[in-house]
Amino acid sequence: MTVTTRAHAMRLPTASIFLLALAGGAQAQQGRQLEPLSRSGEAVTGRITLSADSIRFTGGKSLKLALVDGKARGSFDAARPGTAVTARLYRVVTPADLVLRNGNTLCGRPGTHLVVYEASPGSVHLNFYEGAERPGGQGKDKLCFFSVYGG
C-alpha cells in the first residue's frame with residue numbers, strides 16, 4: 001500500500017482525485033451517485049450511478065462500460081472549446097439507445113462511448129458519443145449528449 005503525504009495529495013488536481021475514486025475502493029464497486037445539475041440531465045437521465053464498469057440511470061436502466069483510457073486528454077468540454085481536460089474514456093460494451101426519463105434517449109442512436117471528467121470541484125461532466133471512432137475531444141467527434149452532475 002502506498003502512503004500519500006498531505007502535501008502530495010494537495011497537489012493532485014480535483015479531476016485526478018475523482019478519477020482515483022472511480023479506479024478503486026468500496027465506492028467504485030458500489031458506484032458514485034450523481035444528481036443532475038443541468039436541464040438535459042434532469043430531463044433525460046435523472047440521478048445516475050457511475051461505477052468502474054457501468055452507468056445506471058433513474059428508473060433502473062443501465063449500460064455496461066469498458067475502460068479504454070483512464071487519462072484521455074482532449075477538448076471534451078463544450079463550454080470551453082479548445083481547452084484540454086483529462087478524462088476517463090469508456091466504450092459502451094453493448095451500445096443501445098435506451099429510452100429513459102420522459103421518453104427521452106441519450107443519442108437517438110446507440111451511444112458507443114462515454115467520457116467522464118471533473119471540470120470544477122463537485123461538477124462531473126458526462127459526454128456520450130455515437131459512431132465507431134474513439135472520441136478525441138475535437139470537432140469531428142459525434143457528441144450526442146452531454147450533461148453536468150454533482151454529488
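This is a predicted model: local features need pLDDT of at least 70, side-chain atom pairs count only at pLDDT 80 or more; totals for chains, interfaces and linings use all residues.
Let me begin with strand β6, where six of the eight residues are buried, so that this strand is largely enclosed by the rest of the structure. By buried I mean under 20% relative accessible area, with exposed meaning over 50% and partly exposed in between, using a 1.4 Å probe and protein chains only. Strands, for their part, are DSSP runs of E with at least two residues, while helices are runs of H or I with at least four, and both are numbered from the N terminus.

Residues are numbered from 1 along each chain as its sequence is written, and side-chain values use heavy atoms, with hydrogens and water left out.

Now, what do the strands build together? Eight strands close into a barrel, in the order β1-β2-β3-β4-β5-β6-β7-β8, with antiparallel pairing; two strands are said to pair if DSSP finds at least two bridges between them. On average, and ignoring direction, neighbouring strands of this sheet are turned by 35 degrees against each other, where the axes are lines fitted to C-alpha atoms (for helices over the stretch in contact) and angles run from 0 to 180 degrees between N-to-C directions.

Strand β3 (residues 54–57) is joined to strand β4 (residues 62–74) by three bridges, the two running antiparallel, and I55 has L63 in β4 as its bridge partner. The hairpin of β3 and β4 has four residues between the strands, and G59 there takes a positive phi near 100 degrees. Next, β4 pairs with strand β5 (residues 85–92) in the antiparallel sense over seven bridges, and here L65 has V92 in β5 as its bridge partner.

That brings us back to β6, which pairs with β5 in the antiparallel sense over four bridges, Y90 having L114 in β6 as its bridge partner. The hairpin of β6 and β7 has two residues between the strands, and G122 in the turn has a positive phi of about 80 degrees.

Which residues touch the most other members of the largest nonpolar core? In this core of 21 residues, they are I55, F57, L63, L106, L114, L126 and F128. A nonpolar core here is a set of buried Ala, Val, Leu, Ile, Met, Phe, Trp, Tyr and Cys residues joined through side-chain atoms within 4.5 Å. The elements giving two or more residues to this core are β2, β3, β4, β5, β6, β7 and β8, and the largest share, three residues, comes from β7. Apart from this core lies another, of eight residues, including A72, F76, L89 and V115. As background, nonpolar side chains tend to be buried together in soluble globular proteins.

Rings of Phe, Tyr and Trp (its six-membered ring) pair if their centres lie within 6.5 Å, and planes under 30 degrees apart count as stacked, over 60 as edge-to-face and the rest as tilted. By this rule there is one aromatic pair: the rings of F128 and F145 have centres 6.4 Å apart and planes at 55 degrees, so the pair is tilted. F128 sits in strand β7 (residues 123–129) and F145 in strand β8 (residues 143–150), 17 residues apart, so that the pair links distant parts of the chain. Both F128 and F145 are buried.

Finally, there is one disulfide in the structure, a disulfide being a pair of cysteine sulfur atoms within 2.5 Å. This bond joins C107 to C144, with an S to S distance of 1.8 Å. Because C107 lies in the loop between β5 and β6 and C144 lies in strand β8, the pair ties together parts that are 37 residues apart in sequence. Are these two cysteines buried or partly exposed? C107, at 15% relative accessibility, counts as buried, whereas C144, at 22%, counts as partly exposed.
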